[in-house]
Amino acid sequence: MMSAYLMRSGLNPSRLGAGSTFSKCFSTTLRISAASSFFKNSQASVSLTRYTELRTITTGNIKSVVGQRAEPASNPEGKVSARIQKTNLLNDEWMLEVQWEDGFRSKYPYIWLRDNCQCPSCFHPTSCSRRVLIGDLDVSIVPVSFSASKDSGDLEIFWSDGHKGLYTSLWLRERSFSEDTRESRRQMRSPLRTLWGSDILSDLPMANFHEVLREDQALLEFIRKLEDLGLVIVRDAPIHQEAIFSLTNRLGYIKQTHYGVSFAVKNRVTPNNLAYTADSLDMHSDIPYYEYKPGIQLLHCISQAKCTGGSNNLVDSFSVAQQLRELDPEKFQILSAVPVDFIDYGVEEDGLNFYALSQHPIIRVDERGDIQSVTLNQMVRDSFFNVSVEKVRLWYEAMLTYSNMLCHPNNVISYKMKEGDIIVLDNRRVLHGREGFRMIEGTRELHGCYWDWDMVKSCRRVLQRKLGILKT
Ligand SMILES: [Fe+2]
Ligand SMILES: [Zn+2]
């Protein structure tokens, strides 16, 4: 059975190889505890962080894993030195080996060291950019000599091209090529995700609109929940269209589409999108017909009419894809390999003609086998199908299996929005749908917009730096 760690991260165990132990690679993460600007704090220590608390929740046939966060070690023994004890030239391997005071060893290829010299002529200190031209590099470059300062621990290397290279010990330690360091850096790009099923309904991820606008810590928690679970319900927002703009301004900017800067979801007489009817909507991701579909969707409930139905259905498509991978790897493979066209054309209310067309596999995995995105929208899947005719029926079999699993009560939740709620969801991961509704009284009005993940993740890292959590 797949380990709980693997469940959480969506990793494909087969790529780890026989005998690999996950804990070997990921049980410990290095996080640097001091600023790394050149020639500052070069003796600072590095605190080891560990994944703590691993809990597996089983609900029906669903497993999700919570916990496992990398937290700074609180006891002083968790600190290790970034001071260099010994340095060796491994000319046979074209690498420099550093032995640290705590016994840890790191190897650095010569060409990488020369490319990443931190002296001001090689690395511009204010634009934080490399000035070395790739064409000027020599892969056969070797150190002629080197010296490590006893006091600072900083390293100088005299290169065979006549240049003197400068490196602080902390900068080097941060950039160790070890599995732990690389995994830590990967998580800075994209933290691990917690997969969920319908049991999340008893503890929905929430945030308070005013706190998020006012407090950095609340904003950071909101973003981390969104990255972790793909879903946050922001409550207590003002009941007017400005609310999602205020929230957006707190992080950055909107991702505009042909529906405009934002869009209102209410019934229209001649709808150009099924969202503007009272019909039920299948579970879907938005704007799949864009090559760069929006990463995040916001839906703000401005007015909730008295009506029957009208709840939003939400599902963690990554969790269900993981279940499919375990249940029927062949079907998972088909859905991750076959490209599917999505299309939408028409005229917007302001007269803008649009004709959007793109192609995505239903489940996109990266080179490690990790699930990156699910793109699914029955309404706007094109009838042109760019696949050999023999594969069509197999694709439908796989698609129907996945679709049935997505709708399983153990996976899907139903949430009826209240006025002032803003549902914020990861449009690559959390699919949404709607029960059809019949109006009794009043109007039902939602106001929505999109964000991109680049903007949100950048905001998270800026906050982590500001709050002293991220040092690099
Ligand atoms: Fe939608
Ligand atoms: Zn230099």
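**Entry 1: ground rules.** I am working with a predicted model, in which local features need pLDDT of at least 70 and side-chain atom pairs count only at pLDDT 80 or more, while totals for chains, interfaces and linings use all residues. I number residues from 1 along each chain as its sequence is written, with chains lettered from A and ligands numbered from 1 in the order in which they are written.

**Entry 2: helix H7.** I take helices (H or I, at least four residues) and strands (E, at least two) as DSSP runs, numbered from the N terminus. Does H7 have the length I should expect, or what span do its 14 residues give? At 1.5 Å a residue, H7 (residues 216-229) should span 20 Å, and its end C-alpha atoms are 20 Å apart, which agrees; the expected span is 1.5 Å times one less than the number of residues.

Next I looked up burial (buried means 20 or more other C-beta atoms within 10 Å of the residue's own, exposed 12 or fewer, partly exposed in between, with C-beta atoms placed from the backbone). In H7 the buried residues are Leu-219, Phe-222, Ile-223, Leu-226, Asp-228 and Leu-229. Their cover includes helix H6 (209-214), helix H8 (242-251) and helix H12 (453-466).

**Entry 3: H7 against H12.** I get an angle of about 135° for this pair, with the axes 10 Å apart. Axes are lines fitted to C-alpha atoms, for helices over the stretch in contact, and angles run from 0 to 180 degrees between N-to-C directions. H7 and H12 are therefore oblique to each other (under 35 degrees is roughly parallel, over 145 roughly antiparallel, 65 to 115 roughly perpendicular, the rest oblique). The contact (C-beta atoms, placed from the backbone, within 7 Å) is made by Asp-216, Leu-219, Leu-220, Ile-223, Arg-224 and Leu-226 of H7 and Val-456, Cys-459, Arg-460, Leu-463, Gln-464 and Lys-466 of H12.

**Entry 4: H9 against H11.** Helix H9 (residues 317-327) meets helix H11 (residues 392-406) at about 130°, with axes 10 Å apart, so I note H9 and H11 as oblique too. Ser-317, Val-320, Gln-323 and Leu-324 of H9 make the contact with Thr-401, Tyr-402, Met-405 and Leu-406 of H11. H9 is mostly covered, with nine of its 11 residues buried.

**Entry 5: loop residues.** Ile-200 sits in the loop between helix H5 (179-189) and S13. I count Ile-200 as buried because 20 other C-beta atoms lie within 10 Å. The C-alpha atoms of Ile-200 and Val-412 are separated by 9.6 Å, although these residues are 212 apart along the chain.

Leaving out residues up to four places away in sequence, Asn-386 touches Pro-339, Asp-341 and Gln-359.

Last, I checked for positive phi outside glycine. Cys-128 has phi near 50° and counts as exposed, with 8 C-beta neighbours inside 10 Å. Asp-236, with phi of about 70°, lies in the loop between S14 and H8 and counts as partly exposed, with 16 C-beta neighbours inside 10 Å.

Key. Contact = placed C-beta atoms within 7 Å.
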